[in-house]
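Please open the model in a viewer and keep the sequence panel beside it. The stops below proceed from one selection to the next.

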Amino acid sequence: MTRFCTRWGKPRFVCDVHLAKVAKYLRLLGFDTFYRNDISDDELIARTRCGRIGVTCDRRLQSRAPGRIVVLRCEGAEEQVRRLAAIFSLARHARPFRRSLCCNRLVEPVPKAAAWPQVPTETYRWLSGYWRCPKCKKVYWKGTHAKRMHRKILELLSVSGKSDEKRAGGKCVESNGGDP
Ligand SMILES: [Zn+2]
């Protein structure tokens, strides 16, 4: 497999049309990830020229831009992300809950009152921290699902992806200081 240099900080990605779920997970982990369900191979390659790492299961695509595209096996999205985590040391750079999962923008804190229309009444009663995507206006919060999401993030960042023991131990995820 081609070796990718990971010395220059946080990797940015561009996923091919078949990897919607991988793109979503990468955004959840805080990585700038371009994804559109109609992106052409040419556009994907063009975006790798601007510093993004192409992600695909298509070997032929890789041969068009060797060294800038990583080829994943066709397997579950979580396993695919774990492989990326191993190749690019994602645990070191992860900043979970910072990006809008649907459009990749960094989310911004919003006053509780402004979040109101999108938040279930039950949650609104007890939770005070809310963030909003500046593009799609979706509101994010850390409610009762936060623990489950945190576990998922540890799983995704597990370097080996094979040993359940190691996975359970997890990698260090930076505290996100109350971010969504
Ligand atoms: Zn958004």
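Begin by selecting Lys 137, which sits in the loop between β6 and β7; helices (H or I, at least four residues) and strands (E, at least two) are DSSP runs, numbered from the N terminus. The phi angle of Lys 137 is near 70°, a positive value in a residue other than glycine. Lys 137 counts as exposed because it has 10 C-beta neighbours inside 10 Å. For this and later stops, a residue is buried if 20 or more other C-beta atoms lie within 10 Å of its own, exposed if 12 or fewer, and partly exposed in between, with C-beta atoms placed from the backbone.

Two remarks apply throughout. The model is predicted: local features need pLDDT of at least 70, side-chain atom pairs count only at pLDDT 80 or more, and totals for chains, interfaces and linings use all residues. Residues are numbered from 1 along each chain as its sequence is written.

**The antiparallel sheet**

The order β5-β6-β7 describes an open sheet of 3 strands with antiparallel pairing; two strands pair if DSSP finds at least two bridges between them. β5 (108-110) and β7 (139-141) are at the edges with a single partner strand each, so one side of each has no neighbour in the sheet. On average, neighbouring strands of this sheet are turned by 45° against each other, direction ignored; axes are lines fitted to C-alpha atoms, for helices over the stretch in contact, and angles run from 0 to 180 degrees between N-to-C directions. Zoom in on β5 and β6 (residues 130-132), which are antiparallel and joined by 3 bridges. Glu 108 has Arg 132 in β6 as its bridge partner.

**The parallel sheet**

Select β3 (residues 53-56) and β4: the two run parallel and are joined by 3 bridges. Within this pair, Val 55 stands opposite Val 70 in β4. Contact here requires C-beta atoms, placed from the backbone, within 7 Å.

**The nonpolar cores**

Now display the largest nonpolar core, which has 27 residues. Such a core is a set of buried Ala, Val, Leu, Ile, Met, Phe, Trp, Tyr and Cys residues joined through C-beta atoms within 7 Å. Cys 15, Val 22, Leu 26, Leu 29, Val 55 and Leu 157 have the most contacts inside this core. Elements giving two or more residues to the core include α1 (20-28), α4 (77-88) and α8 (146-157). α1 gives the most, with 5 residues. Centre on Val 22: leaving aside residues up to four places away in sequence, Val 22 touches Cys 15, Val 55, Ala 77, Gln 80 and Val 81. Another core, of 7 residues, lies apart from this one and has Val 107, Tyr 130, Cys 133 and Tyr 140 among its members.

Finally, select Ser 89 in the loop between α4 and α5. Ser 89 has a positive phi of about 50° although it is not a glycine. Ser 89 counts as partly exposed because it has 16 C-beta neighbours inside 10 Å.

Key: Two residues are in contact if their C-beta atoms, placed from the backbone, lie within 7 Å.
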